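Please have a look at the sequence and the coordinates before reading on.

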Amino acid sequence: MSASPGRLVVVSGPSGSGKTSVCRALKQRPDVEFSVSATTRAMRHGERDGVDYHFLSRDDFQRRVAENQFLEWASYNGNLYGTPRWPMDQALARGKTFLLEIEVKGTRQLRERGIPGLYVFIAPPSLAELRSRLEKRGSNDQTEISQRLRIAEDELAAAREIVAGVPMYDITVENRDLAETIRSVEALIWP
Ligand code: 5GP
């Protein structure tokens, strides 16, 4: 069997690191397809079902887990998130760059299974800067901001793990300036 002609790019980073903005820029490229994850979390203002996420009930999500419909899935801050399997297979077979924006536990699962790709971690300049970005975002309350900061500390530590003999991430890009970060990530994907 020949290797698939496309390429998987995994982007992770703490909430507020800027990874969503980086992915939004990458999505503009015609040869890039983006994975729409499933989640049990409530829809935020401005989000659209089937575009930003597939919003599922917990029962529906669990049923899909049992049916092995997810490439990976993880719990984050009390909600479940998972990557549907078939869009990636289809995109890679068509030679696309397939972009996953997922958290660290899901990335670990992909690494453990030796799934080839470019694994990029977007890091904030500091935790203080991360807090200030989350506060400016306004869509998270104080409790959720504190929870997300605690998770961020764990994620920053986990990002340095070695999984199945390789670093979890091929590269960490510190996001001081968004335009510069986007240019750096683009240069990694399309050298
Ligand atoms: P948010 O609630 O802010 O949209 O996402 C919370 C976290 O879940 C983010 O780190 C986001 O990247 C991650 N996430 C989104 N979709 C998936 C997914 O399909 N799998 C995993 N493992 N994480 C996801």
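This is a predicted model: local features need pLDDT of at least 70, side-chain atom pairs count only at pLDDT 80 or more; totals for chains, interfaces and linings use all residues.

Residues are numbered from 1 along each chain as its sequence is written, and side-chain values use heavy atoms, with hydrogens and water left out.

**The whole chain**

The protein chain has seven helices and 11 strands; helices (H or I, at least four residues) and strands (E, at least two) are DSSP runs, numbered from the N terminus. Its radius of gyration is 16 Å, close to the 16 Å that the globule rule gives for 191 residues, so the chain is as compact as a globular protein of that length. Here the radius is taken over C-alpha atoms, and the rule is 2.2 Å times the number of residues to the power 0.38. The C-alpha trace spans about 50 × 40 × 35 Å along its principal axes.

Of the 191 residues, 43% are buried (under 20% relative accessible area, with a 1.4 Å probe and protein chains only). Among contacts (heavy atoms within 4.5 Å) with a separation of 6 or more, 67% join residues 24 or more positions apart.

**Two helix pairs**

Two packed helices are described by the angle between their axes and the distance between the axes. Axes are lines fitted to C-alpha atoms, for helices over the stretch in contact, and angles run from 0 to 180 degrees between N-to-C directions.

| Helix pair | Angle | Axis distance |
|---|---|---|
| Helix 1 (19–27) and helix 7 (178–189) | about 55 degrees | 10 Å |
| Helix 5 (127–137) and helix 6 (142–158) | roughly 145 degrees | within 10 Å |

The contact of helix 1 with helix 7 involves residues including Val-22 and Leu-26 of helix 1, and Ile-182 and Val-185 of helix 7. The contact of helix 5 with helix 6 includes Leu-130 and Leu-134 of helix 5, and Ile-145 and Leu-149 of helix 6.

**A loop residue**

Where is Val-36 found? Val-36 sits in the loop between strand 2 (32–34) and strand 3 (38–39). Val-36 and Thr-83 are 47 residues apart in sequence and 7.2 Å apart in space, C-alpha to C-alpha. Leaving aside neighbours within four places in sequence, Val-36 is in contact with Gly-50, Val-51, Asp-52, Tyr-53, His-54 and Pro-84.

Key: Buried means under 20% relative accessible area, exposed over 50%, partly exposed in between (1.4 Å probe, protein chains only).
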